[in-house]
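Hi everyone, thanks for coming along.

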Amino acid sequence: MAEAVISKAKNDTEILAQIKEIVKSKSVELIHLQFVDIEGILKSITVTVDQFDDVVAGKQMFDGSSVKGFSPINKSDLYLIPDYSTFAVLPWTVEEGYSEARFLCSAANPDGTLFEGDTRNVLKKTVERAADKGYSISVGPELEFFLFKADENGNPTMELGDNGGYFEPSPKDLGERVRLEIYRALKAMGFTIEASHHEVAEGQHEINFKYADALGAADMSTTYKWVVKTIAQKFGLHATFMPKPVFGINGSGMHVNMSFFKDGENAFYDPADELQLSQEAYQFIAGLVENVKSFAAITNPLVNSYKRLVPGYEAPCYIAWSASNRSALIRIPAKKGMATRVELRCPDPSSNPYLTFAVIASAGLDGIEQGLQAPASINEDIFHMTEERREELGIDNLPGSLETAVSELENGEIGLKTLGEHVFGEYVAAKKAEWDSYRTAVHTWELTNYQAKF
């Protein structure tokens, strides 16, 4: 009997043959064609298995004008091109003689060219840019999430799913059983899970999966968020990747570990260097330092994102790098050799992973191409420095609000260069509208503090 996920194959013909065997052996009846909008929100079109040949040939059309950030109504016809490597049977649908499967897809124009408004295609272009320089990109993201109890209608409440703490096991960690089911679902869909644990805050969790190439890591991040939410719902819980859902406790991050490889070797590793970092690694770090304020609106895309990036909750808010210091924005994990990587700690899991990985890689490439020099590393605890000490060391701050971050994105170069005119324009417009909606709304805090007093 065929496995439920595809194994490594030499070419698309072999992969397609495996998929057909799985579809037959697992009695797949429905196929979900998934893609993301400009914010990274997963969308899906479901077809019957009778449409399989048309689906794999890229003949499934959809209305792009109905998707946020996609096409105007006069150019609405787009096609979904499935990525064969993302095929998986959905384990929670499997019954005797029945199951469902999915593909993640890219959007294409009627003439067959890649649609520039699809953020998956944006990342593909960045991968190609790196390849032109001889590099392949490896990414290992770490996505944290919260579990809240849901009400009788399945809507989230503000009651956390448990009161456990960092690395705390059951009985306090009531999310342990949920994480186990998430692990089983992800494993069945082809993930290699490396760790699962309760995070620092009450009700907060993390499940780590193995790194992959940039596009594969973005696909897995998208799938991971979907699976986490789906399984949590089965336990009467609501999973959220909102960066700061509760005041006074730690928020959720998506630390992004990135490496460049060249000729099969880790281009960031140099055993002769004091920190075992290559010149390219230092230049990559310099590119991040130079551009992070300009791409923060991508990696931290919500009004709520900037309520996480404040002192006191372990989230980075100061622009500095270190070989080990976890208070720094950019960190170099201890493992070296083929595992040498640069960790950017500001992104949060509400971000679109395709755009996030694209701008991080693009900024690093800029640093390499321009031969930028990294500033001195900071090994002191930045969180407990005085403002005068930070100024003395030249440590700048990340943007303090979405409004500031969007302004930095508009005025910088990395956003337009990486995203292209279509996505850049649509993204900036969407984020300006989001900020304006927040700015003009009357919030509970205002009513609490002003209504009775004035």
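Let's start at Leu-288, which touches Phe-295, Ile-330, Val-342, Leu-344, Ile-360, Ala-363 and Gly-364, leaving aside residues up to four places away in sequence. Contact here means heavy atoms within 4.5 Å.

A quick word on the basis: this is a predicted model, where local features need pLDDT of at least 70 and side-chain atom pairs count only at pLDDT 80 or more, while totals for chains, interfaces and linings use all residues. Residues are numbered from 1 along each chain as its sequence is written, and side-chain values use heavy atoms, with hydrogens and water left out.

So where does Leu-288 belong? Leu-288 is among the residues with the most contacts inside the largest nonpolar core, which has 89 residues; the others named are Phe-145, Ile-182, Tyr-224, Met-258, Phe-260 and Phe-295. A nonpolar core is a set of buried Ala, Val, Leu, Ile, Met, Phe, Trp, Tyr and Cys residues joined through side-chain atoms within 4.5 Å. Buried means under 20% relative accessible area, exposed over 50%, and partly exposed in between, with a 1.4 Å probe and protein chains only. Another core, of 26 residues, lies apart from it and includes Leu-16, Ile-22, Phe-87 and Phe-115.

Now to the rings. The structure holds 21 aromatic pairs. Rings of Phe, Tyr and Trp (its six-membered ring) pair if their centres lie within 6.5 Å; planes under 30 degrees apart count as stacked, over 60 as edge-to-face and the rest as tilted. Phe-35 and Phe-62 make a tilted pair, 4.8 Å centre to centre with 45° between the planes. Phe-35 sits in strand β1 and Phe-62 in strand β3 (residues 60-63), 27 residues apart; both are buried. Helices (H or I, at least four residues) and strands (E, at least two) are DSSP runs, numbered from the N terminus.

Phe-268 and Phe-284 are also tilted, at 5.0 Å and 55°. Because Phe-268 lies in the loop between β14 (265-266) and α6 (279-299) and Phe-284 in helix α6, this pair ties together parts 16 residues apart in sequence.

Back to β1 (residues 28-36): seven of its nine residues are buried. Which strands flank it? Strand β6 (residues 99-108) pairs with β1 in the parallel sense over six bridges, and β2 (residues 42-48) runs antiparallel to β1, joined by seven bridges. Strands pair if DSSP finds at least two bridges between them.
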